[in-house]
Amino acid sequence: MKKIAVIGSGTMGNGIAHVFAQNGFQVSLVDISEEALQKALGTISKNLDRIVAKGNLTEEQKEQTLQNISTYTNMQEGVKEADLVVEAATENVDLKLKIFRDLSNFTKPEAILASNTSSISITKIASVTDRPDKVIGMHFMNPVPVMKLVEIIRGYSTSDEVTNQVMDMSLQLGKVPTECNDYPGFVANRILMPMINEAIYSLYEGVAGVEEIDTIMKLGMAHPMGPLQLADFIGLDVCLSILNVLHDGFGNPKYAPCPLLVNMVQAGHKGIKSGQGFYSWTHGTKELIVADRFKKKHFVQ
C-alpha cells in the first residue's frame with residue numbers, strides 16, 4: 001500500500017498526512033476548504049523545518065515530503081486511487097457516518113477504510129459501509145509527528161488480514177501500534193477522560209485551584225502535563241464529546257461530564273483552540289497563565 005488519502009486537514013489530519021508523506025507514501029489530503037488545506041501545508045512545512053533544525057531531516061527530504069502531498073477539495077477525486085483512507089474529521093458521529101457511506105462509493109473495493117476517531121464505535125462506522133471487514137480504527141496521538149502510539153481498534157467485523165496490514169503500516173511510520181477491541185473510549189480515552197473529568201470536578205467543588213491540581217499530578221504522578229492543561233490541549237469540546245460517548249455507551253453515571261465542563265464548552269471556552277480554557281492561551285508565550293475566571297482562591301461554580 002503506497003497511496004494514502006487523509007480526510008480532514010485540521011490538527012490531526014495534517015499531522016497524519018505529514019508522517020505518511022515523510023515516510024515515502026503518496027498522500028492525498030482532502031478537505032472541503034481550500035483555505036484549510038493551504039493552512040495545513042503551511043503547518044506541515046513549519047513542523048518539517050523544526051525537524052531539519054534538529055538535524056533529523058535534510059532540506060531535500062523536507063522538499064520530497066511536501067511533494068508527496070497533493071490536496072483536494074473534491075473527496076471523490078482525492079480517494080479514488082487510495083489503498084488506505086484515514087478519516088480525521090471532526091469528532092461527530094453523523095459526519096463520520098456520512099463520510100464512510102461516501103467512501104464506500106468513491107474508493108476501490110479493496111481499499112481499507114480507517115478512522116482516527118478517539119471514541120466513536122468502529123463497528124457503528126463500519127455498519128454503513130459495503131466492507132465492514134476492511135474498516136478499522138487508527139487513533140493517532142497529538143502531536144502526530146512526535147507521539148509514538150497508534151491505538152489500533154478492531155471493529156466487530158474487522159478481519160485479521162486488515163488488522164495485520166494496518167499494524168505493519170504503522171510500524172513503517174516509526175510508530176508503536178497497540179491493538180484493542182471496540183468498546184466505548186477504547187483504552188486511551190476510557191482511562192484518560194475520567195481522570196480529566198475528576199480533575200475538573202476537583203476544581204468545581206473547590207478542592208484546589210487549577211495550578212495546584214496540575215502541579216500535584218505532574219510532580220506526584222510523574223505526568224508530563226497536568227490534566228487541566230491537557231484538557232485545554234485536547235480541546236474541552238472534544239473531552240465533552242468523548243465523555244458523552246462513554247456515558248451513553250456504558251450507561252454508568254461515573255462517566256457523566258462535570259457541569260463546569262459543560263458550561264465552559266457552551267460558553268465557547270474550549271482551551272487552546274479558542275484562546276481560553278482553564279488557562280489563558282492568548283499571550284503568545286509558553287508560560288502557563290491560569291485563566292482569570294479561575295484565579296479566585298476558592299472557586300466554586
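Author: Helices (H or I, at least four residues) and strands (E, at least two) are DSSP runs, numbered from the N terminus. This is a predicted model, in which local features need pLDDT of at least 70 and side-chain atom pairs count only at pLDDT 80 or more, while totals for chains, interfaces and linings use all residues. Residues are numbered from 1 along each chain as its sequence is written, and side-chain values use heavy atoms, with hydrogens and water left out.

At the start of H5, a side-chain oxygen of Asn92 comes within 3.1 Å of the backbone nitrogen of Asp94, a polar contact (a pair of N or O atoms within 3.5 Å; within protein, one must be able to donate a hydrogen and the other to accept it, and residues adjacent in sequence count only if both atoms are side-chain atoms). The buried residues of H5 (under 20% relative accessible area, with a 1.4 Å probe and protein chains only) are Lys96, Leu97, Ile99, Phe100, Asp102, Leu103 and Ser104. These buried residues pack, with heavy atoms within 4.5 Å, against strands S1 (3–7), S4 (84–87), S5 (112–115) and S6, and against helices H4 (75–79) and H6.

Arg131, in the loop between H6 (122–126) and S6 (135–140), touches residues including Leu103 and Ser104. Arg131 is itself buried, with a relative accessible area of 3%, and its side chain makes a polar contact of 3.0 Å with the side chain of Thr107.

Notes:
Buried < 20%, exposed > 50% of the residue type's maximum accessible area, 1.4 Å probe, protein only. Lists of a residue's contacts leave out its neighbours within four places in sequence.
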